[in-house]
Amino acid sequence: MKSCNIVARKPLSGQTNFVTAQGRSNPGQNTGISIQNCKITAQSTTYLGRPWKEYSRTVVMQSFLDGSIHPSGWSPWSGGFGLKTLFYAEFGNSGPGSSVSGRVKWAGYHSSLTVKEAEGFTVANFIGGTMWLPSTGVSFDSGLVK
């Protein structure tokens, strides 16, 4: 997702908000979620994501995170399921929910990607957008926001 407004509504009683729940069956699958240059807001405490399958991969970068984002940022799903094999990362986020100082301490969580690493999750590189998006007529930005 790029340049979107993501609004998590208030959950039902006893439920929790998650922006993402991504999963892959094996680490070689070229899938995942990349959220770039978005605005993430919510009506109640919200997590950026939690693993759905063992090799969950989600990156949130160059986005505005409001104060509803839980300080840990990410949540486990079922005990320790997927926590040793996931890849979660953040890069260049802003807003009151963007501080990574209280984020999870999982081995697969990366609080600050390098520019080169973040470029791997852009439209051009993550989904090969420059090869097929022009033929759709949809306007897009292929790289990092400058």
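Hi everyone, this is a short tour of one structure, and it is a predicted model.

Let's start with the annotation. UniProt, in an unreviewed entry, lists residues 2-129 as "domain: Pectinesterase catalytic".

Four strands make up an open sheet in the order S3-S6-S8-S9, and the pairing is parallel. Which strands stand at the edges? They are S3, residues 33-36, and S9, residues 109-110; each has a single partner strand, so one side of each is left without a neighbour in the sheet. Further in, S6 and S8, the latter covering residues 87-91, run parallel and are joined by five bridges.

A search of the whole structure finds seven aromatic pairs, and I'll show you two of them. For anyone new to this, a pair of aromatic rings is described by the distance of the centres and the angle of the planes.

Take Phe87 and Phe121. Their ring centres are 5.7 Å apart and their planes are at 15°; the cut-off for stacking is under 30 degrees, so this pair is stacked. Where do the two residues lie? Phe87 is in strand S8, while Phe121 is in the loop between helix H1 (115-119) and helix H2 (123-126), so the pair ties together parts that are 34 residues apart in sequence. Are these two buried or partly exposed? Phe87 has 21% relative accessibility and therefore counts as partly exposed, whereas Phe121, at 11%, counts as buried. The line between those two classes is drawn at 20%.

Next come Tyr88 and Trp106. Here the centres are 6.4 Å apart and the planes are at 50°, so the pair is tilted. This pair, too, links distant parts of the chain: Tyr88 is in strand S8 and Trp106 is in the loop between S8 and S9, 18 residues apart. Both Tyr88 and Trp106 are buried. They also belong to one aromatic cluster, together with Trp74 and Tyr109.

While we're on rings, have a look at Arg50. Its charged end sits over the ring of Trp77, 3.2 Å from the centre. The charged end of Arg50 also sits over the ring of Phe18, at 5.7 Å from that centre.

Ser3 is not a glycine, yet its phi is positive, near 55°. Ser3 is in the segment before strand S1 (5-8), and with a relative accessible area of 45% it is partly exposed.

The other one is Gln62, again not a glycine, with a positive phi of about 50°. Gln62 is in the loop between strand S6 (57-61) and strand S7 (64-65). Its relative accessible area is 16%, so Gln62 is buried. What does the side chain of Gln62 reach? It reaches the backbone nitrogen of Val145, at 2.8 Å. Beyond its neighbours within four places in sequence, Gln62 is in contact with several residues, including Gln36, Asn37, Cys38, Phe91 and Leu144.

Note on methods
Residues are numbered from 1 along each chain as its sequence is written. This is a predicted model: local features need pLDDT of at least 70, side-chain atom pairs count only at pLDDT 80 or more; totals for chains, interfaces and linings use all residues. Side-chain values use heavy atoms; hydrogens and water are left out. UniProt positions are given in the numbering used here, feature names are shortened, and annotations may be inferred rather than shown by experiment. Buried means under 20% relative accessible area, exposed over 50%, partly exposed in between (1.4 Å probe, protein chains only). A polar contact is a pair of N or O atoms within 3.5 Å; within protein, one must be able to donate a hydrogen and the other to accept it, and residues adjacent in sequence count only if both atoms are side-chain atoms. Contact means heavy atoms within 4.5 Å. Two strands pair if DSSP finds at least two bridges between them. Rings of Phe, Tyr and Trp (its six-membered ring) pair if their centres lie within 6.5 Å; planes under 30 degrees apart count as stacked, over 60 as edge-to-face and the rest as tilted. A charge sits over a ring if NZ of Lys or CZ of Arg is within 6 Å of the ring centre and within 35 degrees of the ring normal.
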